[in-house]
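Here is a friendly walk through one protein model, from its overall layout down to single residues. Keep the structure open beside the text as you read.

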Amino acid sequence: MCRRREPRSVVDVTTTPTVSLRPRTDDDLDMLFEIASELDTWEERTPRAPRPLTRDGFDAQLASADEDRGPGAAVSLVVDVDGTGLGVAMLFDVDHLSRHAEAGVDVVRSARGRGIGTAAVIQLVDFGFVRHNLHRIHLQAISSNVAAIRAYEKAGFVIEGRQREHAWVRGAYEDIVRMGILRSEHALSR
């Protein structure tokens, strides 16, 4: 007996935003301060104890970072989505002898869960391997930040280890998940 096919419904498919990395401009300062001063996600971004951040303090940090142009200085890029800055992507603790660096990406709350962070991580990895001739890029995430870990895995990072109960996060200890990617594992090197 032949079954009759039900008509298919048209699914509303949202378009994927165009994500790119670019240098910071003065127009990005409010967005960057929003990310830096967000206490709810403080532990995902820094190992230091949470504390309120004033705009003057933030501006002073940026000025200090801009002055550091040494060989291991951080590379900080704005995550741009269709012409609007929505996040930051960084390579820091750059070791030019061993050719490795740590990576970090964060986007404003309203941009999370849309694949923007994943696209930014992929582009940051490309930038590190192609433009900075890195051999290895690594990062860390608290174990409860499942979305970030998933994004890093989509970009090719693999879990290399775990530091048990290493971070004090919102009143409890959490594991730190260590992840890395080698140039030989990177999609562009194949």
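## About the model

This is a predicted model, in which local features need pLDDT of at least 70 and side-chain atom pairs count only at pLDDT 80 or more, while totals for chains, interfaces and linings use all residues. Residues are numbered from 1 along each chain as its sequence is written, and side-chain values use heavy atoms, with hydrogens and water left out.

## Overall layout

Let us start with the secondary structure. The protein has five helices and seven strands, taken as DSSP runs (H or I of at least four residues for helices, E of at least two for strands) and numbered from the N terminus. Along the sequence they follow the pattern β-α-α-α-β-β-β-α-β-α-β-β.

Of the 190 residues in the protein, 37% are buried. Here buried means under 20% relative accessible area, exposed means over 50%, and partly exposed lies in between (1.4 Å probe, protein chains only). The protein exposes about 12100 Å², with carbon and sulfur atoms supplying 52% of it; these areas come from the Shrake-Rupley method with a 1.4 Å probe, and for residues only the protein chains shown count as cover. Among contacts (heavy atoms within 4.5 Å) between residues at least 6 apart in sequence, 57% join residues at least 24 apart.

Strand β2 spans residues 75-81, and six of its seven residues are buried, so β2 is largely enclosed by the rest of the structure. Two strands count as paired if DSSP finds at least two bridges between them. On one hand, β2 pairs with strand β1 (residues 19-22), running antiparallel over four bridges; Arg-22 stands opposite Val-78 in β2.

Strand β2 also runs antiparallel to strand β3 (residues 84-95), joined by seven bridges. In this pairing, Val-81 stands opposite Thr-84 in β3.

Strand β5 (residues 136-142) is mostly covered, with five of its seven residues buried. Its pairing with strand β4 (residues 100-107) is parallel and has three bridges, with His-100 opposite Arg-136 in β5. From β4 the chain crosses through helix α4 (residues 116-131) to β5, and this β-α-β crossover is right-handed. In a right-handed crossover, with the strands pointing away from the viewer, the path from the first strand over the helix to the second runs clockwise.

Strand β5 also pairs with strand β7 (residues 172-182), an antiparallel arrangement with seven bridges. His-138 stands opposite Gly-180 in β7.

## The nonpolar core

In soluble globular proteins, nonpolar side chains tend to be buried together. A nonpolar core is a set of buried Ala, Val, Leu, Ile, Met, Phe, Trp, Tyr and Cys residues joined through side-chain atoms within 4.5 Å. The largest one in this model has 45 residues, and those with the most contacts inside it are Val-79, Leu-91, Ile-116, Ile-137, Tyr-152 and Phe-157.

Which residues does Tyr-152 touch, not counting those up to four places away in sequence? They are Val-105, Val-121, Leu-139, Ala-141, Phe-157 and Met-179.

## Aromatic pairs

The structure holds three aromatic pairs. Rings of Phe, Tyr and Trp (its six-membered ring) pair if their centres lie within 6.5 Å; planes under 30 degrees apart count as stacked, over 60 as edge-to-face and the rest as tilted. One of the pairs joins Tyr-152 and Phe-157, edge-to-face at 6.1 Å centre to centre with 65° between the planes. Tyr-152 is buried at 9% relative accessible area, and Phe-157 is buried at 3%.

Another pair is formed by Trp-168 and Tyr-173: their ring centres are 4.8 Å apart and their planes lie at 65°, so the pair is edge-to-face. Trp-168 is exposed, with 51% relative accessibility, and Tyr-173 is exposed with a relative accessible area of 51%.

Asp-82 is found in the loop between β2 and β3. The hairpin of these strands has two residues between them, and Asp-82 there takes a positive phi near 50°, although Asp-82 is not a glycine. Is Asp-82 buried or exposed? At 54% relative accessibility, Asp-82 counts as exposed.

Arg-99 sits in the loop between β3 and β4. Its phi is near 65°, again a positive value in a residue other than glycine. Arg-99 is partly exposed, with a relative accessible area of 23%.
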